[in-house]
Amino acid sequence: MLRKSIPMVSALALSISLVMQSGTVLAQSDSATTNSFWWPEQLDLSSLRQHGVESNPMGASFNYAEEFKKLDLAAVKADIKALMTSSQDWWPADYGHYGPFFIRMAWHSAGTYRIHDGRGGAAGGQQRFEPLNSWPDNANLDKARRLLWPIKQKYGSKISWADLMVLTGNVALESMGFKTFGFAGGRQDDWEVERVNWGSEKKWLGDERHTGKRELKKPYAAVQMGLIYVNPEGPNGVPDPLLAAKDIRQAFGAMAMNDEEIVALIAGGHTFGKAHGARKPEECVDKEPAAAGVEEQGLGWKNKCGKGNAGDTITSGLEGAWSINPVAWTTQYLDNLFAFDWVQTKSPAGATQWIPKDGQAANLVPDAHDKTKRHAPIMFTTDLALKEDPEFRKISLRFKEDPKEFELAFAKAWFKLTHRDMGPRIRYIGAEAPTEDLIWQDPLPAVDQELINAADIVTLKSKILSSKISASELVRTAWASAASFRSTDLRGGANGARIRLAPQNNWAVNNPKEVAKVLKALEKIQADFNKASAGGKKVSLADLIVLGGTAAVEQAAKKGGHSIEVAFTPGRVDATQAQTDASSFAVLEPKADGFRNYFSKDSYLSPAEALVERANYLSLTVPEMTVLVGGLRALGANSDGSKNGIFTDQPGTLSNDYFVNLLDMSTQWKKSAKTEGLYEGVDRKTGKVKWTATPVDLVFGSQAELRAVAEIYAADDGHEKFVQDFVSAWSKVMMLDRFDVK
């Protein structure tokens, strides 16, 4: 995990060690003192271990997509629908219907997604693991998954928990009379905790993530620790609807939602179900799942008051429903929002909420479990934000007057919420996946021409290398295009050649002038080839960009005495500007890229941490990250063309010189007296400066795990392995977004 960017998970979740005798806990052993305690500033590489260590119990040969295709989706949905009204005594359904409960489960599974680093979201089924499993905002969702377990057990590996939770949310909506936009399978389950910076706060609902006039720091989306979005009582519990509106806009905006989608989601979601705050939690509720006793078998928030469930349920601390029929799709939420003047009150748990003024509608809403009782509708402070904020109000009134528009807006916003982190539509599986291209899916045109063959590839590489583009320029451009990929939400990459489109054509890290020069030359080669080609065969610019880097790497290897062929698979296409949402792509811009020795003051990570973060985006292991840095330095791939980290007398040759010279004890490293953040490698005997380096370069000699890998490549017998490993890692990065290739 990355120090400063990824917090330690609760010790209760990670280090419960019990000595058992006859079923009784005798003692808790001491936890080991970790390296991160002794040396908290040491670069942590554990986020990259997930790409190299097999923790998946299904094994390497398991193909989830193929298993899902065998699934009888209609049968699964029928079973889920039957579950909706099969109330269980151990956790009775509100109003006799689990639909609202399962909507919340699906929403909270997907709603952790955030645009700034692509982390969170429904893929992986991370709600099963800490810390999400024990977040305050996810209280009692452990029961939702237990209710679903018989269905998961029945269909086994053919459907992941990640897919099942989203599918169940869809079935819940449909069972209550709502027409969804569709469902796509394809989310594989994770088998370990995703390493995410959820915040630095040391207490639940803490708020140390805002600057200035309550501006949310990046990469966060939730406004307080342990929340999915915002505090329903208002910012830090302050019941001010307009302040809440600002929090809502920031939090939902950081999760890729605009104002219309925000209103649709809040109004649509609160059409269903109720909030639970029957009693004071401090008097009734036990510990969260991660801290509960082993006898609870992973269930938490045990309630010792009353029945402990049904009418005595305690979740958010707020209590009540928004509409007269909380298990049916209606416009009553919006109708009630504007029909009454709302005044503050307190829930039985002591939370601030709102009810109609002067006792209006006191008997409008039925009780969830007692047919003899009725209640007034409620609103949260965040609900009133939709009425008080001028822009939210306009949209809310429009939806209120046009129920069909509201229904479609909620359907599309719900689909986006639950599918946003799945990547492009080509990854969607199942008959219910909609065929419409949506701009947030980063659509690409179809491949509609014959692909280039092996002979064409040889010809094109020759033309590229004989042009006036240098090998370093080709490498830098190919890397800039392909390494924009983010494995966290499967966005970016070379396919589409969006490096030539706004906003990527102006990213500082890419050296826009140089990219424009390279692309102009490649476009000329493309035009000449496509014009001369017989039978309609064409090459895309996206393919040429990658092919140019491939040719340059082969040429550089040959200079070093190695005859290699870098794998190349054609079939990329060129996206249009109309298929590219510039504002959405803007968040992908790297503020640091250690592979190109680029670092800007806008990075919220240190240079070395940012390198690990970028390597994690590219699904790289520690050795892959290491060999790519060394190789790219040898190829002169620094974004600004600087000599920093170019530890070789033969730049442009694919050699292991970077590692050999970095580990050479004849060189002594010192901080530069002239440039902050720069280091000088001087000859120990003469004092003459031999090399200059950044912290990213020196970490491969200073961090023990990285040095161990660097030594492999610096050894006298390491050159061949270095070249082979570099080519393998390079090819991996170039293919990260080729979801069309099996």
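A cavity is a set of grid points where a 1.4 Å probe fits but cannot get out. In this predicted model, the largest cavity holds about 100 Å³ of space, while the largest pocket holds about 2100 Å³.

- Rolling a probe the size of a water molecule over the atoms shows where empty space is left.
- The count of cavities of 30 Å³ or more comes to seven.
- The largest cavity is lined by 14 residues, and Arg 114, Trp 135, Trp 198, Ala 222 and Leu 227 are the closest to its centre.
- By class, the lining of the largest cavity has nine nonpolar, three polar and two charged residues.

- The lining of the largest pocket consists of 49 residues.
- Nearest the centre of this pocket lie Gln 188, Asp 190, Arg 427, Leu 490 and Ser 619.
- Helix α4 (residues 64-69) gives the largest share of the pocket lining, which is four residues.
- The pocket lining divides into 17 nonpolar, 17 polar and 15 charged residues.

**Helix pair α5 and α7**

- Helix α5 covers residues 73-84 and helix α7 covers residues 141-155; their axes are 10 Å apart and meet at an angle of about 160°.
- Angles over 145 degrees count as roughly antiparallel, so α5 and α7 are roughly antiparallel to each other.
- The crossing of α5 and α7 is right-handed.
- On the α5 side, the contact is made by Ala 75, Val 76, Asp 79, Ile 80 and Leu 83; on the α7 side, it is made by Leu 147, Leu 148, Ile 151, Lys 154 and Tyr 155.
- The contact of α5 with α7 has eight nonpolar residues, no polar ones and two charged ones.

**Helix pair α13 and α14**

- Helix α13 (residues 381-388) packs against helix α14 (residues 390-401) at an angle of about 85°, and their axes are 5 Å apart.
- An angle from 65 to 115 degrees counts as roughly perpendicular, and α13 and α14 are therefore roughly perpendicular to each other.
- From α13, Ala 385, Leu 386, Lys 387 and Glu 388 take part in the contact, and they meet Pro 390, Phe 392, Arg 393 and Ser 396 of α14.
- Four nonpolar, one polar and three charged residues make up the contact of α13 with α14.

**Helix pair α22 and α25**

- Helix α22 (residues 622-634) and helix α25 (residues 704-714) have axes 10 Å apart, at an angle of about 60°.
- The helices α22 and α25 have a right-handed crossing.
- Val 622, Pro 623, Met 625, Thr 626 and Val 627 of α22 make the contact with Leu 706, Val 709, Ala 710 and Tyr 713 of α25.
- The residues in the contact of α22 with α25 are eight nonpolar, one polar and no charged.

**Backbone features**

- Most residues other than glycine have a negative phi, and most peptide bonds are trans.
- The peptide bond from Lys 218 to Pro 219 is cis, and its omega is near 10°.
- Pro 219 sits in the loop between β4 (215-216) and α9 (241-253).
- Ala 502 and Pro 503 are also joined by a cis peptide bond, with omega about 5°.
- Pro 503 is found in the loop between α17 (471-482) and α18 (512-532).
- Gln 297 is not a glycine, yet its phi is positive, at about 55°.
- The loop that holds Gln 297 runs between α11 (281-284) and β6 (320-321).

Methods:
Residues numbered from 1 in each chain as written. Predicted model: local features only at pLDDT ≥ 70, side-chain atom pairs only at ≥ 80, totals over all residues. Heavy atoms only, no water. Axes fitted to C-alpha atoms, helices over the stretch in contact; angles between N-to-C directions. Helix = DSSP H or I, 4+ residues; strand = E, 2+ residues; numbered from the N terminus. Parallel < 35°, antiparallel > 145°, perpendicular 65-115°, else oblique. Contact = heavy atoms within 4.5 Å. Nonpolar A, V, L, I, M, F, W, Y, C, P; charged D, E, K, R; others polar. 1 Å grid on protein atoms, 1.4 Å probe; cavity = no way out; pocket = protein on both sides within 12 Å on 5 of 7 lines; lining within 4 Å. Points joined across faces, edges and corners; volume = space filled by probe spheres on them. Left-handed = near helix turned anticlockwise from the far one by under 90°.
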